[in-house]
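Trainee: I have not looked at this one before. Can we go through it together?
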Amino acid sequence: MTQRVGIIGWPLTTTFSPAMHNAAFKALGMDWVYDKMAIPSDIVRLGILEPQRHGYVGLNVTIPHKEEAMRHVMPDDLARAVGAVNTIDLRTMTGTNTDVGGFITDLTVNGVELAGKRVLVLGAGGAARAAVVGLTQAGASVVVVNRSLERARTMVANLSLSNLTLKADALTLDEAVESGSIDLIVNSTPAGMFPNVDESPWVLGVPFPQGVTVYDMIYRPAQTGLMRQAEDNGGRGIGGLGMLVYQGAAAFKLWTGVEPPIEVMFAAARQELQSQ
Ligand code: NAP
């Protein structure tokens, strides 16, 4: 019998997940299908329960339902720490967050060391929370900078209530740059994303650190202005496509118990990117 998984979100116009997962199922000869289900915000509960009733194995959850999904499944410790669920196992009605692992795996694959490093995280939304949790678990200390500083302060305060031993602070960009050397900058904002490629999360006039690595969670365009800025200053830029692929690969493993074909998933994601 065909096994089914899928993704819920709204409006869900551009998601690479069906292409990545269906390519992986095909490559492994598995009788599985990954569906796309556009679910508006007032029926998230139904959007989870109906697929379960129809025998679906699992779901990915994307914008804007990751926080709301926490209320309808049993979140694990990781999802609780982030405050968001992006992967559900409908057989057990449990939820986890594979964005954290996706992000850290891609940094590791790219040879970026994290233990003992000082990391600047730009943004204070869901992606930034996942980054701070992953970086903290990996032994880094984190400075959070956000357009609205108050939101960054609230995020750090809330994360401090989780069972993480958090080494994190919320500062202005000026303060963050002046208060110590930075090893890694993570962009968890949409500033610089297609079509607003000229936007930057880096405040004009603040000196850019020399020789620093930028991890930009944006994957469209493949090279953002912030990544270029790092390279122009003797550093390195890494785009967010790997995070997308590895978070999907972790969900694939959780649902199927089968090792995901990473290269197949990368190829499908790159193909989607090119066809946009
Ligand atoms: P979100 O919850 O809406 O948070 C967005 C954050 O970015 C907020 O802190 C916001 O600041 C800030 N921001 C928005 N526009 C900005 C601008 N023009 N300049 C400076 N800061 C700005 O979004 P999210 O879910 O965290 O996602 C953030 C980004 O990460 C998106 O680009 C998303 O595509 C990307 N992402 C990538 C992956 C991946 O797999 N590669 C996974 C998850 C997310 P305020 O608080 O001041 O509004």
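Mentor: We will go through the sheets, the ligand and a few backbone details in turn.

Mentor: Keep in mind that this is a predicted model.

Trainee: Start with the sheet that holds β1. What is the strand order, and how is the pairing described?

Mentor: The order is β2-β1-β3-β5-β6-β4, so 6 strands make up an open sheet. The pairing is mixed.

Trainee: Which strands are at the edges?

Mentor: β2 (32–38) and β4 (74–75), each of which pairs on one side only.

Trainee: And β1 with β3, parallel or antiparallel?

Mentor: Parallel: β1, residues 3–9, and β3, residues 58–61, pair over 4 bridges. To find your place there, look at V5, which stands opposite G58 in β3.

Trainee: What holds strands together in general?

Mentor: Strands of a sheet pair through backbone hydrogen bonds, in a parallel or an antiparallel way.

Trainee: Which strands does α1 lie across?

Mentor: Helix α1, residues 17–28, lies across β1, β2 and β3. Its direction is at about 170° to β2.

Trainee: Now the sheet with β7. What is the order there?

Mentor: That open sheet also has 6 strands, in the order β9-β8-β7-β10-β11-β12, and the pairing is parallel. The edge strands are β9 (168–170) and β12 (236–238), each pairing on one side only. On average, neighbouring strands of this sheet are turned by 20° against each other, ignoring direction.

Trainee: How many bridges join β7 to β8?

Mentor: 5 bridges, between residues 118–122 of β7 and residues 141–145 of β8, and the two strands run parallel. V119 has V142 in β8 as its bridge partner.

Trainee: Which strands does α6 touch?

Mentor: Helix α6, residues 149–160, packs on the sheet and touches β8 and β9. The direction of α6 makes about 155° with that of β9.

Trainee: And what does α4 lie across?

Mentor: Helix α4, residues 98–109, lies across β10 (184–187), β11 (213–216) and β12. The angle of α4 to β11 is about 145°.

Trainee: Change of topic: the ligand. How many residues surround it, and which are the closest?

Mentor: 20 residues surround the ligand, and the closest are A124, A127, N146, R147 and R151. By class, this shell has 9 nonpolar, 8 polar and 3 charged residues.

Trainee: Which helices each supply at least two residues of that shell?

Mentor: Both α5 (126–137) and α9 (241–256) do.

Trainee: What polar atoms lie 3.3 Å or 3.0 Å from a nitrogen of the ligand?

Mentor: A polar side-chain atom of E199 is 3.3 Å from a ligand nitrogen atom. For G240, a backbone N or O atom lies 3.0 Å from a nitrogen atom of the ligand. There is also A127, with a polar backbone atom 2.8 Å from an oxygen atom of the ligand.

Trainee: How much of the ligand does the protein bury?

Mentor: The protein buries 77% of the 930 Å² that the ligand exposes when taken alone.

Trainee: Last topic, the backbone. Where are the cis peptide bonds you wanted to show me?

Mentor: One joins I63 and P64, with omega about 5°. P64 sits in the loop between β3 and β4. Another runs from F194 to P195, with omega near 5°, and P195 is in the loop between β10 and β11.

Trainee: What is phi of L12?

Mentor: Near 60°, a positive value in a residue other than glycine. L12 is in the loop between β1 and α1.

Trainee: Why point these out?

Mentor: Because most residues other than glycine have a negative phi, and most peptide bonds are trans.

Note on methods: Residues are numbered from 1 along each chain as its sequence is written. This is a predicted model: local features need pLDDT of at least 70, side-chain atom pairs count only at pLDDT 80 or more; totals for chains, interfaces and linings use all residues. Side-chain values use heavy atoms; hydrogens and water are left out. A residue is near a molecule or strand if one of its heavy atoms lies within 4 Å of it. A polar contact is a pair of N or O atoms within 3.5 Å; within protein, one must be able to donate a hydrogen and the other to accept it, and residues adjacent in sequence count only if both atoms are side-chain atoms. Accessible areas come from the Shrake-Rupley method with a 1.4 Å probe; for residues, only the protein chains shown count as cover. Ala, Val, Leu, Ile, Met, Phe, Trp, Tyr, Cys and Pro count as nonpolar, Asp, Glu, Lys and Arg as charged, and the others, Gly among them, as polar. Contact means heavy atoms within 4.5 Å. Axes are lines fitted to C-alpha atoms, for helices over the stretch in contact, and angles run from 0 to 180 degrees between N-to-C directions.
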